[in-house]
Amino acid sequence: MSWPIAVSMISYAVMTLADTLFVGRLGSAALAGVGLGGVVCFTLLCFPFGLMRGAKVLISQAVGAADTDAVPRHARAALGVAIALGFLVAGLAWCGADLLRWVAATPESGAAAANYAAIRCSAGPFVLAYVAMRESRYGIGDSRSPMVSAVLGNIANVALDALFIVGFDWGVEGAALATCIAHVLEAGLLAGIVRRTAPETLGISFRRDDLRALWDMGMPTGVQFFLEVGSFTVLAGLLASMAELEMAAHQIALQVMHFTFLPNVAVSEGASVLAGQAVGARRFERVPRVARESLAIALGYAVFCTFVLVFFGSHIARGFTDEPDLIRAVEQLLWVGAVFQLADAANVIARGVLRGTGDVRYAAVLGIATAWLCTPPLTWLLGYELGLGALGGWLGLCAEIMVGAALLWLRLRSGAWRNTAPRVLVPATA
């Protein structure tokens, strides 16, 4: 189940990567603008993203308990909430995008960030509708349909980037528009698949209890995502205010790290579904086994990524830019990324398994605490006070990931998640 999820997530990362590659040749100001605008877009979307994870847990537990009536209700509730939140995100982006002009280091990068954020967030309803359908399909064990939709959307994004940026010379605005159209396409494709295979899961009719269940299960993760990414947004804002070079290096390194991070997130998503089904079937003894086997897969991939980042970091940086100073800055950040690869794998696997059992609050509180106690303070101390720039911010990220991984695995190994799992079980009908 995990490899189609991995393809889906990598395809999503390639959308932003394609924007970065095409815009990178326009200069540091455009690249810094896309970096800052992209982080702001993700920040606005991350609470709904986390909330939709609750639908996956509810549906996977319903599948494990053979409660077939609950599956379409949870799916429709997620879709209705997602579309409503998508319009809210789009409105917030259009109203607040101009504030980015005051954060950026130069007027050029500020204008690029504001335009990119406003245009890209316009696709919010389609992005979140896709995420709601994707999480519902994951919950029933179907990871192939979202993968197909994501891959086709990504292909369209690359083609449109080439047309709008190279062909029409629309610059940053062209990159944002290309990604918007790609999101609309992938949502439409997945909706078409769902209509043919499970039409009862489409629509926005649901009971109040379904909405409450989605909120109770997804809200902690949504808050966690928002506050964690909020911490990351503070990091981006601090770097953007330092210099275009620092933000540009951060943007390039971040796109590269998506390819080291997202495949393990995919393994974590698969582990979350399996843990949820085990809890729904009241087979608690399966949960530690799911965690161990998922961790083994994730660590194997992390070792490979560490090798690539250490020995090929400079070559990767040259694929994005030919500016020597920027290449050196990116290479330093990739070395830091190589240091925390193993801890990052352990972190995401433990989070996924705990969420699958229903132990969402502990993971949320811990994630928020480590994000705000490590990354912004260390970015200020190391980046500003000691003059390390983006390198200081990434050292803060490294500390956040390592501390979080250790505490999450202590929770998982202690078995404390069993105290929350029985309270979130759906009624077994078979």
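## Residue S60

S60 counts as buried, with a relative accessibility of 0% (buried is under 20% relative accessible area, exposed is over 50%, and partly exposed is in between, with a 1.4 Å probe and protein chains only). This is a predicted model, in which local features need pLDDT of at least 70 and side-chain atom pairs count only at pLDDT 80 or more, while totals for chains, interfaces and linings use all residues. Residues are numbered from 1 along each chain as its sequence is written, and side-chain values use heavy atoms, with hydrogens and water left out.

S60 is located in helix α2 (helices are DSSP runs of H or I with at least four residues, strands are runs of E with at least two, and both are numbered from the N terminus). A polar atom of the S60 side chain is 2.9 Å from the backbone oxygen of V57. This pair can be read against the cut-off for a polar contact (a pair of N or O atoms within 3.5 Å; within protein, one must be able to donate a hydrogen and the other to accept it, and residues adjacent in sequence count only if both atoms are side-chain atoms). Leaving aside residues up to four places away in sequence, S60 touches G139, V273, G276 and Q277 (contact means heavy atoms within 4.5 Å).

## Helix α2

Helix α2 covers residues 28-64, which is 37 residues. From its first C-alpha to its last, α2 reaches 51 Å, close to the 54 Å expected at 1.5 Å a residue (the expected span is 1.5 Å times one less than the number of residues). α2 bends by about 40° at L45 (the bend is the angle between axes fitted to the seven residues ending at a residue and the seven starting there). Because 30 of the 37 residues of α2 are buried, the helix is largely enclosed by the rest of the structure.

T43 is also placed in α2. Its relative accessible area is 11%, so T43 is buried. The T43 side chain has a polar atom 2.7 Å from the backbone oxygen of V39. With residues up to four places away in sequence not counted, T43 touches F226, V229 and T233.

Most residues other than glycine have a negative phi. A66 is not a glycine, yet has a positive phi of about 60°. A66 follows α2 and lies in the loop between α2 and α3 (70-96). With a relative accessible area of 31%, A66 is partly exposed.

D169 likewise has a positive phi of about 60° without being a glycine. D169 is in the loop between α7 (144-167) and α8 (171-197), and at 60% relative accessibility D169 counts as exposed. The helix that D169 follows is α7. α7 has 24 residues and reaches 33 Å from its first C-alpha to its last, close to the 34 Å expected at 1.5 Å a residue.

## T197 in α8

T197 lies in helix α8 and is partly exposed, with a relative accessible area of 49%. The backbone oxygen of I193 is 2.9 Å from a polar atom of the T197 side chain. In sequence, T197 and E400 are 203 residues apart; in space, they are 42 Å apart, C-alpha to C-alpha.

## Cysteines

Searching the whole structure gives zero disulfides (a disulfide is a pair of cysteine sulfur atoms within 2.5 Å). C41 is in no disulfide, and its nearest cysteine sulfur, that of C121, is 3.0 Å away. C41 is buried, with a relative accessible area of 4%.

C398 is in no disulfide either; the nearest cysteine sulfur belongs to C374, 10 Å away. At 8% relative accessibility, C398 counts as buried.

## Overall fold

The protein has 15 helices and zero strands. The radius of gyration is 21 Å, close to the 22 Å that the globule rule gives for 430 residues, so the protein is as compact as a globular protein of that length (the radius is taken over C-alpha atoms, and the rule is 2.2 Å times the number of residues to the power 0.38). The C-alpha trace spans about 65 × 45 × 35 Å along its principal axes.

Of the 430 residues, 61% count as buried. Among contacts between residues at least 6 apart in sequence, 85% join residues at least 24 apart.
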